[in-house]
Amino acid sequence: MRLVKTALTIAGSDSGGGAGIEADLKTFTAFGVHGLVAITSVTAQNTQAVTAIHDIPPDVVSEQIRAVAEDIGVDAAKTGMLSNAEIIKAVAKTVKNYDFPLVVDPVMIAKSGAPLLREDAVDALIKYILPLATLVTPNRFEAEKLSGMKIRTVEDAKIAAKKIAEETGAKAVIVKGGHIEGEEAIDVLYHNGSYRLYRAPKVEGCTHGTGCSFSAAITANLAKGFGLEDAIEVAKKFITLGIAMGHRIGHGHCPVNQSAWIEIPAEKWRIYEELTRAVREFEEMNPVKFIPEVGTNFVYSLPLPYARTRDDVAGVKGRIVRVGNEVRAVGPVEFGASDHLARAVLTFMKFYPEYRSAINIRYSEETVRLAEEQGLVVSFYDRREEPEEIKEREGATIPWGIESAIKRVKQRPDVIYHLGDVGKEPMILIFGRNPREVLDKLRLLL
Ligand SMILES: Cc1ncc(COP(=O)(O)OP(=O)(O)O)c(N)n1
Ligand SMILES: Cc1nc(C(=O)O)sc1CCOP(=O)(O)O
């Protein structure tokens, strides 16, 4: 019995890695599905333009499908760029021999404006491929072409989705809402004679490869045995995250980030484990004299580009305090458990992205002197120099302080201290790439 599920993409290659089979394979991997490919065209493409297209001979496209279907087996498939009528006919003829669900992304024009389907091949797509579709996933412009009507509103999208399904024989149609006016991206599904709307905020980010990745995510989840509506629900969350966390590369439309879906949860688990272990070690070191009045926190942030707010930084809930002669963590490690130190580390990462961990300890002149003697780079900020407009802005003092301390020295600081203010305890902060490195620096001060 084959334990891993398989999904096949019948699509073109994007040399920029943002769309096409490259996007599809990354998406399949993000869902733990083994990806298979039948390449229809090779495109020379980047974030700005498609500069060359080489179509693969139709019999070679068919043979790729046959080769993987007969040996490995296909649990679900999708089509992307089909380029010309001959390839369309060959794909239709071949997939008919198998009974896997087929998601059709009716790719027509790249975001950069290049046509990816010959004008005279649209009729072939409607005639030969759409009748075989479990789901068709047009964007607004593709839906207008397939339905022959203008789409401006969600109501128009509903009429178009029904029209495409009824006129072509496709089992379901989802008209994507990314290009339809409004603050939300509302996708309209027409399936089994009824509608379902999928909503998500229109997020700022990268959109090259959204159509490919969305349809690939649906295909992967169909391969895993999800029903159509559930597969779309997961795919919608996947693509919203992928756009928000997009890779800022190239000079044109930057690509969706398919790895965010697995990388964030995996990193969170690693961070939780490493920080929990380091907090236990800190307790065992029992550095009673280092615990300030307000308590100590110990933080570890997600890497960039994922670290954006305090919820992306893990810390100790309730902080680490002194109980009699012992140092104790009040609560467990949790994301969002730190405010001050989270802001400090997020600011530090703007200058030194790999330095994701920090701890705060009690200030003393002796500790600062020892840090310098041990060869650590020490800097400081003076809250009395804080500009009025920063003072007035809630939560702005620490980012300002860390930034000014970093700019004060030529090298990356290991330690930043401040001498406090009225009602504000002075503090020493130690930074490192990870909690282990922070503890190593702390040991030098014991
Ligand atoms: C080879 C290839 N296939 C498909 C597309 C279109 O991809 P899509 O996901 O619709 O993304 P944009 O091009 O619209 O950003 C492509 N560009 N190349
Ligand atoms: C209260 C406080 N002030 C600090 C400073 O650097 O000025 S460090 C600190 C303790 C840690 O706080 P949290 O749990 O919000 O990260």
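This is a predicted model: local features need pLDDT of at least 70, side-chain atom pairs count only at pLDDT 80 or more; totals for chains, interfaces and linings use all residues.
## Domain layout

The chain splits into domain 1, residues 6–258, and domain 2, residues 263–443. Taken over C-alpha atoms, the centres of domain 1 and domain 2 are separated by 46 Å.

UniProt, in an unreviewed entry, lists residues 274–443 as "domain: Thiamine-phosphate synthase ThiN".

## Surroundings of ligand 1

Ligand 1 is surrounded by 20 residues. The closest are Gly 12, Ala 19, Gly 20, Lys 111 and Gly 211.

At least two residues of the shell come from each of strand 1 (6–14), strand 2 (34–45) and helix 7 (210–223). Strand 1 gives the largest share, with four residues. By class, the shell around ligand 1 consists of 11 polar, seven nonpolar and two charged residues.

The residues around ligand 2 include Val 294, Asn 297, Gly 315, Arg 319 and Ser 338. Also in this shell are Asp 339, His 340, Leu 341, Ala 342 and Asn 360, together with Met 427 and Leu 429. Helix 10 (340–351) and strand 18 (427–432) are the elements that supply two or more of these residues. The largest share, three residues, belongs to helix 10.

## Helix 5 and its buried side

Helix 5 spans residues 140–147. Its buried residues are Arg 140, Glu 142, Ala 143, Leu 146 and Ser 147. These residues lie on the same side of helix 5 because they cover an arc of only 160° around the axis. In general, an α-helix has 3.6 residues a turn, so residues three or four places apart point the same way.

Which elements cover the buried residues of helix 5? The cover includes helix 4 (122–129), helix 6 (154–168) and strand 7 (172–175). Gly 148 follows helix 5 and has a positive phi, near 75°.

Technical notes. Residues are numbered from 1 along each chain as its sequence is written. Chains are lettered from A and ligands numbered from 1 in the order in which they are written. A residue is near a molecule or strand if its C-beta atom, placed from the backbone, lies within 6 Å of it. Ala, Val, Leu, Ile, Met, Phe, Trp, Tyr, Cys and Pro count as nonpolar, Asp, Glu, Lys and Arg as charged, and the others, Gly among them, as polar. A residue is buried if 20 or more other C-beta atoms lie within 10 Å of its own, exposed if 12 or fewer, and partly exposed in between; C-beta atoms are placed from the backbone. The arc is that of the directions from the helix axis to the C-beta atoms. Two residues are in contact if their C-beta atoms, placed from the backbone, lie within 7 Å. UniProt positions are given in the numbering used here, feature names are shortened, and annotations may be inferred rather than shown by experiment. Domain bounds come from an automatic or database domain assignment.
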